[in-house]
Each structure stands twice: as structure tokens, then as C-alpha cells.
Amino acid sequence: SFDVDILSTMGRVHRSADIYNSVKMIAEVFGEDKANYSIDLISGVPGLSLAGWTEALHKAVSLRPKPRHISVYDLQVESGTT
């Protein structure tokens, strides 16, 4: 996610600025043509609206350089986990 509230809900310590800074560093080190990275997105997070999901997808495919692969996982909370 690129949304600070959703990132907090998931217990992530990074923020959207960190994503953009990391992609920028990848471009600086490897160049636009040779950048090779992937990202994971998680759907079904409590508080994530359809509009928020759509925005996350749009931001992911708009990254430059483009990720070579985008994985999408649906959150499943198992009994006995938090």
C-alpha cells in the first residue's frame, strides 16, 4: 500500500515516500532500462476501500522505472493469529 493508514494497520514501518525513494535509488544505480525489482500488494486489509485499492494499483503501475513484477495477495487472517 501507499496509504499511511493502511501501512500502519498492517504494522509496516515504511511509508509511501520510502517506496518512491527506493525506486529512485534503483533507477540511479541500474538505470531505467536495467532496473529489476518487484512489489507486493495486499488486498482485503481492514479499512481499505475500493477507491483506495484502485489508487494503490494505479500508483504501482505508474512507478518509474516500472517494476518487472507486481504480486497481489489477498489478506487472510487465520484463527489464532493477529
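Modeller: A residue is buried under 20% relative accessible area, exposed over 50% and partly exposed in between, taken with a 1.4 Å probe on protein chains only. This is a predicted model, in which local features need pLDDT of at least 70, side-chain atom pairs count only at pLDDT 80 or more, and totals for chains, interfaces and linings use all residues. Residues are numbered from 1 along each chain as its sequence is written, and side-chain values use heavy atoms, with hydrogens and water left out.

Colleague: Is Ser71 buried or exposed?

Modeller: Ser71 sits in strand E2, residues 69-74; strands (E, at least two residues) and helices (H or I, at least four) are DSSP runs numbered from the N terminus. Its relative accessible area is 12%, so Ser71 is buried.

Colleague: Which residues is Ser71 in contact with, leaving aside its neighbours within four places in sequence?

Modeller: Contact means heavy atoms within 4.5 Å. Beyond its neighbours within four places, Ser71 is in contact with Ile39, Asp40 and Leu41.

Colleague: What pattern does the protein chain follow along the sequence?

Modeller: The chain has 3 helices and 2 strands. Its C-alpha atoms fill a box of roughly 45 × 25 × 20 Å along the principal axes. Read along the sequence, the pattern is α-α-β-α-β.

Colleague: What share of the contacts with a separation of 6 or more comes from residues 24 or more positions apart?

Modeller: The protein chain has 82 residues, of which 24% count as buried. Among its contacts with a separation of 6 or more, the share from residues 24 or more positions apart is 67%.

Colleague: Which residue forms a salt bridge with Lys59?

Modeller: A salt bridge is a side-chain nitrogen of Lys or Arg within 4 Å of a carboxyl oxygen of Asp or Glu, and the structure holds 1. Lys59 is partly exposed at 25%. With the closest N and O atoms 3.0 Å apart, the partner of Lys59 is Glu55.

Colleague: And what is the relative accessible area of Glu55?

Modeller: Glu55 is partly exposed, and its relative accessible area is 45%.

Colleague: Are the planes of the Phe2 and Tyr20 rings stacked, edge-to-face or tilted?

Modeller: Rings of Phe, Tyr and Trp (its six-membered ring) pair if their centres lie within 6.5 Å; planes under 30 degrees apart are stacked, over 60 edge-to-face and the rest tilted. The whole structure has 1 aromatic pair. The ring centres of Phe2 and Tyr20 are 5.8 Å apart and the planes stand at 40 degrees, so the pair is tilted.

Colleague: How many residues apart are Phe2 and Tyr20?

Modeller: Phe2 is buried at 8%, whereas Tyr20 is partly exposed at 38%. Phe2 belongs to the segment before helix H1 (4-9) and Tyr20 to helix H2, so the pair links distant parts of the chain, and the separation in residues is 18.

Colleague: Which element gives the largest share of the lining of the largest pocket?

Modeller: On a 1 Å grid over the protein atoms alone, a pocket is an open set of points with protein on both sides within 12 Å along at least five of seven lines, a cavity is a set where a 1.4 Å probe fits but cannot get out, and lining residues have an atom within 4 Å of a point. The largest pocket is lined by 16 residues, with Ser1, His14, Ile19, Ile39 and Asp40 nearest its centre. Helix H2 (16-30) and strand E1 (38-43) are the elements giving two or more residues to this lining. The largest share, 5 residues, is from E1.

Colleague: Which residues line the largest cavity?

Modeller: E1 and H3 each supply at least two residues of this lining. The residues lining the largest cavity are Ser1, Leu41, Ile42, Leu48, Trp53 and Ala56.

Colleague: Which residues is Ala56 in contact with, leaving aside its neighbours within four places in sequence?

Modeller: Ala56 is in helix H3 and is buried at 6%. Its C-alpha atom is separated by 26 Å from that of Thr81, 25 residues apart along the chain. Setting aside neighbours within four places, Ala56 is in contact with Phe2 and Leu41.
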